[in-house]
Amino acid sequence: MGKDEKIKKIKNLNKKIVLAPMAGITNGDFCKRFKGLFGIVTIGAYSLDKDSLNASREIVKRGREEFIYNLDDFGDIIRDEIKKARESNALVSVNVRFKNLEESLERLKIISKHADIIELNCHCRQKEITNLGIGQELLKNKELLRSYLIGMADLNVPIFLKVRANFVGLEELIETLNYTRDYFDGIHIDCFNPGKDYADLEVLKEISKNFSDKIIIGNNSVKSIEDAKNMLRYANFVSVARCILRGDIEWIKEFNAMEM
Ligand SMILES: Cc1cc2nc3c(=O)[nH]c(=O)nc-3n(C[C@H](O)[C@H](O)[C@H](O)COP(=O)(O)O)c2cc1C
């Protein structure tokens with residue numbers, strides 16, 4: 001299947017709720033517990049090179065969860081995780097981070113052969129990752145972001161960017177996304193609203209207006225049918241993370257039944 005057909009398949013999904021990535025938590029086993037619930041499940045974040053995996057190890061040392069493995073075994077591990085995630089009957093997106101593209105390229109190729117989407121993490125704010133100049137720091141370095149995306153351009157898989165709102169200003173975010181727009185197919189935006197426990201829908205509105213050619217997944221604090229509907233005014237999909245950890249899924253079943 002060509003990349004255009006893969007993009008079409010995403011656009012045609014009738015389930016609009018997406019599982020957002022949570023490092024150390026959202027793997028194949030986690031996803032397969034939610035059969036028929038999501039349109040897309042996102043596994044990861046997976047660290048693809050020595051630097052980012054070392055950062056993951058440091059993060060674990062201070063008590064946060066991360067996926068840790070031997071990089072030599074990554075191909076077998078990710079094939080297995082994607083296969084299990086498919087048991088959710090959703091499309092599978094893989095959230096990734098890396099510092100060294102060259103070192104990560106073979107691993108990206110393996111993911112591209114098995115997954116439906118590769119999501120480049122421009123969102124992580126853990127200092128071990130941002131110290132490498134990646135995660136949300138990529139939003140401040142459009143040249144580096146573009147060089148990563150150019151290096152990934154031949155992968156026959158839709159590329160999404162997972163970004164955080166209100167880390168850089170809206171104008172800068174739009175400029176960075178514009179600078180790289182030829183090299184990605186979707187934007188997964190955490191409408192992070194500093195100091196507030198609800199999403200910044202104004203940012204989402206502007207992003208969807210400026211990138212109407214892209215698939216948009218809105219995210220942040222969605223925990224009810226009403227929240228999802230509000231976000232879907234400006235997005236193709238909405239994603240959920242913490243509400244799933246709380247086991248709050250009945251509303252998603254209801255929402256899916258309404259959408260049919
Ligand atoms: C424990 C935890 C781990 C997370 N790990 C990742 C990650 O690895 N990659 C990523 O892009 N976002 C990560 N996120 C962010 C979520 O995908 C999501 O953007 C954020 O939690 C806001 O959505 P929510 O309000 O539905 O929880 C993580 C969130 C949590 C709570």
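Start by selecting strand S3 (residues 91-97) and S4: the two pair in the parallel sense over 4 bridges. Pairing here takes at least two DSSP bridges between two strands, and the strands (E, at least two residues) and helices (H or I, at least four) are DSSP runs numbered from the N terminus. A word on what you're looking at: this is a predicted model, where local features need pLDDT of at least 70, side-chain atom pairs count only at pLDDT 80 or more, and totals for chains, interfaces and linings use all residues. Residues are numbered from 1 along each chain as its sequence is written.

Now click Asn95, whose bridge partner in S4 is Glu119.

Next, show strand S5 (residues 159-164), which pairs with S4 in the parallel sense over 5 bridges. Here Leu120 has Leu161 in S5 as its bridge partner.

Stay on S4 (residues 117-122): is it covered or open? Mostly covered, with 6 of its 6 residues buried, meaning 20 or more other C-beta atoms, placed from the backbone, lie within 10 Å of a residue's own. In a regular strand, side chains alternate between the two faces of the sheet. Color Ile117, Glu119 and Asn121 for one side, then Ile118, Leu120 and Cys122 for the other; all are buried.

Terms used
Buried ≥ 20, exposed ≤ 12 C-beta atoms within 10 Å, placed from the backbone.
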